[in-house]
Amino acid sequence: GDTDAPDAACGAKKLEPAAKRARIQTEGRFSKLFPPVVDRYFFRHYDHREDRQDQFVNRHSNGLLVVGIASTHPIVSEKAAKVETSKIVKENHISGKRKKGGTWFNVKSILCTVTTQSGNSYQVRCGVNAQLIEFNENIITNPGLLNCDPEAEGFVAIFQVKDPTQAPVQCRKLMPRQDFLKLRGLEE
């Protein structure tokens, strides 16, 4: 087969079996020495829901909040096919180094609607009270990022709070990663 054809879901190149094994061995060796960036620099929190439409909020020490769907969300198993941003996200305009002019969102504000290959639609909510500074446009052009890497490259948006010391307050009602994994019966 064609080993250089891109993987449609993630945009990655397919590898020969030997190359794939070597990459996995290398990644495994390095992952013990250098944990992923998200584990080193972010406090990871989850909004767990009875309908399993779980979302995450990764809180950086500088006050930025990265929001997206958790790997347990039905979008991941049903395969995202289309992402449509809400009107308020489309109208968001920020400028300058300090990201002035961004729209303020509340916990229940809808960021986007994701339609899956099975035809189901899910609304992704903000989950925090903060100012939108970036919506991940990559998930619009490549919805597969929500399937293969929802908690990293497939993040939905980045928010900031006025005062970085208030970022922990925004995550107070969310569940820490270890408790979330235990609740969902997952192991790290």
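**Entry 1: arginine 40.** I began at arginine 40, which is found in helix 2; helices (H or I, at least four residues) and strands (E, at least two) are DSSP runs, numbered from the N terminus. I noted a relative accessible area of 40% for arginine 40, so I list it as partly exposed. My cut-offs are under 20% relative accessible area for buried, over 50% for exposed, and partly exposed in between (1.4 Å probe, protein chains only). From arginine 40 to histidine 60 I found 9.8 Å, C-alpha to C-alpha, across 20 residues in sequence.

**Entry 2: ground rules.** I am working with a predicted model, where local features need pLDDT of at least 70 and side-chain atom pairs count only at pLDDT 80 or more, while totals for chains, interfaces and linings use all residues. Residues are numbered from 1 along each chain as its sequence is written, and side-chain values use heavy atoms, with hydrogens and water left out.

**Entry 3: the whole chain.** I counted eight helices and 10 strands. Of the 188 residues, 39% are buried. I then turned to contacts, meaning heavy atoms within 4.5 Å. Among contacts with a separation of 6 or more, 58% are between residues 24 or more positions apart.

**Entry 4: the cores.** Which residues touch the most other members of the largest nonpolar core? I found Leu65, Leu111, Leu146, Val156 and Phe159, out of 30 residues in that core. Strand 3 (64-69), helix 3 (74-78), strand 4, strand 6 (110-116), strand 7 (121-125), strand 8 (130-135), helix 6 (145-148) and strand 9 (157-160) each supply at least two of its residues. I also noted a second, separate core of 10 residues, with Val66, Ala70, Phe155 and Met175 among them. By core I mean a set of buried Ala, Val, Leu, Ile, Met, Phe, Trp, Tyr and Cys residues joined through side-chain atoms within 4.5 Å.

I followed valine 156 further. Leaving aside neighbours within four places in sequence, its contacts include Val67, Ile69, Leu111, Cys112, Phe135 and Leu146.

**Entry 5: serine 86.** I found serine 86 in the loop between strand 4 (80-85) and helix 4 (87-90). Serine 86 counts as buried because its relative accessibility is 15%. Not counting residues up to four places away in sequence, serine 86 touches Ile110, Leu111 and Cys112.

**Entry 6: aromatic pairs.** I counted two aromatic pairs, taking rings of Phe, Tyr and Trp (its six-membered ring) with centres within 6.5 Å; planes under 30 degrees apart count as stacked, over 60 as edge-to-face and the rest as tilted. Tyrosine 46 and phenylalanine 180 are stacked, because their ring centres are 4.2 Å apart and their planes are at 5 degrees. This pair links distant parts of the chain, with tyrosine 46 in strand 1 and phenylalanine 180 in helix 8 (residues 177-183), 134 residues apart. Both tyrosine 46 and phenylalanine 180 are buried.

The other pair, phenylalanine 105 with phenylalanine 159, is edge-to-face, at 5.7 Å centre to centre and 75 degrees between the planes. I placed phenylalanine 105 in strand 5 and phenylalanine 159 in strand 9, 54 residues apart. Phenylalanine 105 and phenylalanine 159 are buried as well.

**Entry 7: tryptophan 104.** I found tryptophan 104 in strand 5 (residues 104-105), partly exposed at a relative accessible area of 41%. What lies over the face of tryptophan 104? Lysine 162 does, at 5.6 Å from the ring centre; the rule asks for NZ of Lys or CZ of Arg within 6 Å of the ring centre and within 35 degrees of the ring normal. Beyond four places in sequence, tryptophan 104 is in contact with Ala130, Gln131, Gln160, Val161 and Lys162.

**Entry 8: positive phi.** Most residues other than glycine have a negative phi, and I picked out two exceptions. Arginine 52 has phi near 65 degrees and is found in the loop between strand 1 (42-47) and strand 2 (55-60). Lysine 79 has a positive phi of about 65 degrees and is found in the loop between helix 3 and strand 4. Arginine 52 is partly exposed at 36% relative accessibility, and lysine 79 is partly exposed at 37%.
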